[in-house]
Amino acid sequence: MEEMPEVQALYTEMKEQGVNVIGIVADGIDNEIVVLDVLRKSDVTFKNIIPNDKFVDDFLNKINAVPTTIFVNSNGEIIGEPVIGSRDKEGYKEIIEEALKNVK
């Protein structure tokens, strides 16, 4: 929640370079109404998803820390290593720009 304004600023700045941001609300299954209210109030325009049980079992249960950031190319393949912990906009931008070098 605390980094949402930074992630929104990053999304706004990087979307013209073909970078997309998708938030996964890991605790949203049992709190969907609260999560939707928080998302509305936070004014984020990047997509956020509330995972279903299968996604939780197949993916989220393997994550040991929140937030964890993964980078996925346009083919749905994970690129690079997961980033554990929050970053500010510039921190994420550095990581993304480095990842883009390896994709192109």
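Leaving aside neighbours within four places in sequence, which residues is Gln8 in contact with? That's where I'd like to start today. The answer is Asp43, Val44, Thr45 and Phe46, where contact means heavy atoms within 4.5 Å.

Quick housekeeping before I go on. This is a predicted model, so local features need pLDDT of at least 70 and side-chain atom pairs count only at pLDDT 80 or more, while totals for chains, interfaces and linings use all residues. Residues are numbered from 1 along each chain as its sequence is written, and side-chain values use heavy atoms, with hydrogens and water left out.

On confidence: pLDDT is the predictor's confidence in each residue, on a scale from 0 to 100. The protein chain averages 87, and 99% of its residues reach 70 or more. Helix 1, residues 4–14, comes out highest with a mean of 92, and helix 2, residues 32–42, comes out lowest at 86. When I say helix or strand, I mean DSSP runs numbered from the N terminus: H or I with at least four residues for helices, E with at least two for strands.

Back to Gln8. This residue is in helix 1, and at 13% relative accessibility Gln8 counts as buried. The cut-offs are: buried under 20% relative accessible area, exposed over 50%, partly exposed in between, with a 1.4 Å probe and protein chains only.

Asp43 sits in the loop between helix 2 and strand 2, which is 47–49. Asp43 has a positive phi of about 60°, although it is not a glycine. And at 61% relative accessibility, Asp43 counts as exposed.

The other partner is Phe46, which takes us inside. Phe46 and Ile96 touch the most other members of the largest nonpolar core, which has 16 residues. A core here is a set of buried Ala, Val, Leu, Ile, Met, Phe, Trp, Tyr and Cys residues joined through side-chain atoms within 4.5 Å. Helix 1, helix 2 and helix 4 (89–103) are the elements that give two or more residues to this core. Helix 1 gives the largest share, five residues. In soluble globular proteins, nonpolar side chains do tend to be buried together. As for Ile96, if you skip residues up to four places away in sequence, it touches Leu10, Met14, Val19 and Phe71.

Now for some nonpolar side chains on the outside. Ile22, Ile24 and Ile49 form a nonpolar patch on the surface, with about 240 Å² of accessible area together. Patch residues have over 30% relative accessible area and no salt bridge; like charges are joined within 9 Å, and nonpolar side chains (Val, Leu, Ile, Met, Phe, Trp, Tyr) within 5 Å. The areas are Shrake-Rupley values with a 1.4 Å probe, and for residues only the protein chains shown count as cover. Ile22 is in strand 1, residues 22–24, and is exposed at 51% relative accessible area.

On to charges. How many salt bridges does the structure hold? Six, each being a side-chain nitrogen of Lys or Arg within 4 Å of a carboxyl oxygen of Asp or Glu. Lys89 pairs with Glu13, with the closest N and O atoms 2.5 Å apart. Lys89 lies in helix 4 and Glu13 in helix 1, so this pair ties together parts 76 residues apart in sequence. Lys93 also forms a salt bridge with Glu13, at 2.3 Å between the closest N and O atoms. Lys93 is in helix 4 as well, so that pair links parts 80 residues apart in sequence.

How covered are these side chains? Lys89 counts as buried at 18% relative accessibility, Lys93 is buried with a relative accessible area of 18%, and Glu13 is partly exposed at 33%.

Lys101 is exposed at 59%, and Glu98 is partly exposed at 43%.

One backbone detail to finish: the peptide bond from Val66 to Pro67 is cis, with omega near 0°. You'll find Pro67 in the loop between helix 3 (53–58) and strand 3 (68–72).
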